[in-house]
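Hi,

Here is the structure I promised to pass on. My notes on what I found follow below it.

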Amino acid sequence: MAKNVGNYNLGHFNKESFQQDLLSWFEAEMRSLPWREDSDPYRVWVSEIMLQQTRVDTVIPYFKRFMEKFPTIESLAMAKEEDVLKAWEGLGYYSRVRNLHSAVKEVNESYGGVVPNTVENISKLKGVGPYTTGAILSIAYGIPEPAVDGNVMRVFSRIFSVWEDIAKPKTRILFEEIIREVISKENPSYFNQGLMELGALICTPTSPSCLLCPVREHCKAFEEGVQAELPVKSKKKAPRSVTMAAVVIQDEAGRLIVHKRQNKGLLANMWEFPNVETQLEYQSPKETLQQYLKTDFNLKVEIEAPFTTIEHVFSHLVWNITVYKGTLTEEITELEDLKILDLASLSELAFPVSHQNILKAFLAQ
DNA sequence: GAACCGTGGGA
DNA sequence: TTCCCAAGGTT
């Protein structure tokens, strides 16, 4: 019986044959990865959050360290956010781990420490969206839910020759509907992981290895010779540029002043060296910096010449930071979000990479 | 729907 | 160098 999903007719698609080809290939070729040692829902959960928009090779060492430090739901639930953020330092998208921490507390308190196994409950957890819901349910619990990530959209764009823009949110819905029709009910875990593995190893964004592809005979794009033109993905606009001034302030003992960022938005709750945006100011960067320190922290600082400039590129903006050296000219009263610390103490706080680079440049001068 | 939210790697 | 990312989610 021919099924229609959107404008796509799945009638001539041999679902059983496709499943068998994909599953056989995955069982033979799957990479040995730390989070594949078992299917503990907590480990699956942590790995899926880490893997969001992040390469496997980058995640591996973070995952190992994280699981050593926080081996169970309870251990993570009881941890201080400061320590959790530190374990994520350098991975990026830090709201991922703040949401994970919050959601793990929720599971510990409201679900007896057991990760929920229904779409209804698991998708309520902070940081668990449509993809992660399907990934955890299928991989940890064997429930046939679609887990549509970039790999899956790329693979199925080619399999069914779908020319919808995969950068559009609604396109994901289309692929979820397709997956619901073709997912293996017997082994949804390997089916979903197999699709992602195929996307990572064979059905790559540029120059896919079609001659090695286990599901080549099911692929409409290959049949039509258009695999290189799919998927269609619109470009995102260029990041905007922000000009900033930062200062590394030292006291007589050589300790450094650091500031904790606000608890929402960019790099929330991460530590940094005091800095201000200087884009549209009448004042010189140095005066802007001094005024910021005075009004926000009642701090008088002697600011010397800049010793480096740093460019840091985010996904949606670029920081151009001129970094000054400063000297503290009076006693400082520490605040919740302002501390003066020696280097050993600094190393216990979580800094974004941009400010790690500021410290490196300061120490290297 | 579009903007926000990081980082390091590879072509 | 520049561009595009890599197992997305939230607002």
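Let me start with the domains: taken over C-alpha atoms, the centres of domain 1 and domain 2 are 38 Å apart. Chain A splits into domain 1 (4-229) and domain 2 (240-364), with bounds that come from an automatic or database domain assignment.

Before you read on, this is a predicted model, where local features need pLDDT of at least 70 and side-chain atom pairs count only at pLDDT 80 or more, while totals for chains, interfaces and linings use all residues. Residues are numbered from 1 along each chain as its sequence is written, and chains are lettered from A and ligands numbered from 1 in the order in which they are written.

Where the domains meet, eight residues of domain 1 are in contact with eight of domain 2 (contact: C-beta atoms, placed from the backbone, within 7 Å). On the domain 1 side, α5 (81-88) and α6 (95-110) each give two or more residues (helices are DSSP runs of H or I, at least four residues, numbered from the N terminus). The largest share, three residues, comes from α5.

Cheers

Technical notes. Contact = placed C-beta atoms within 7 Å.
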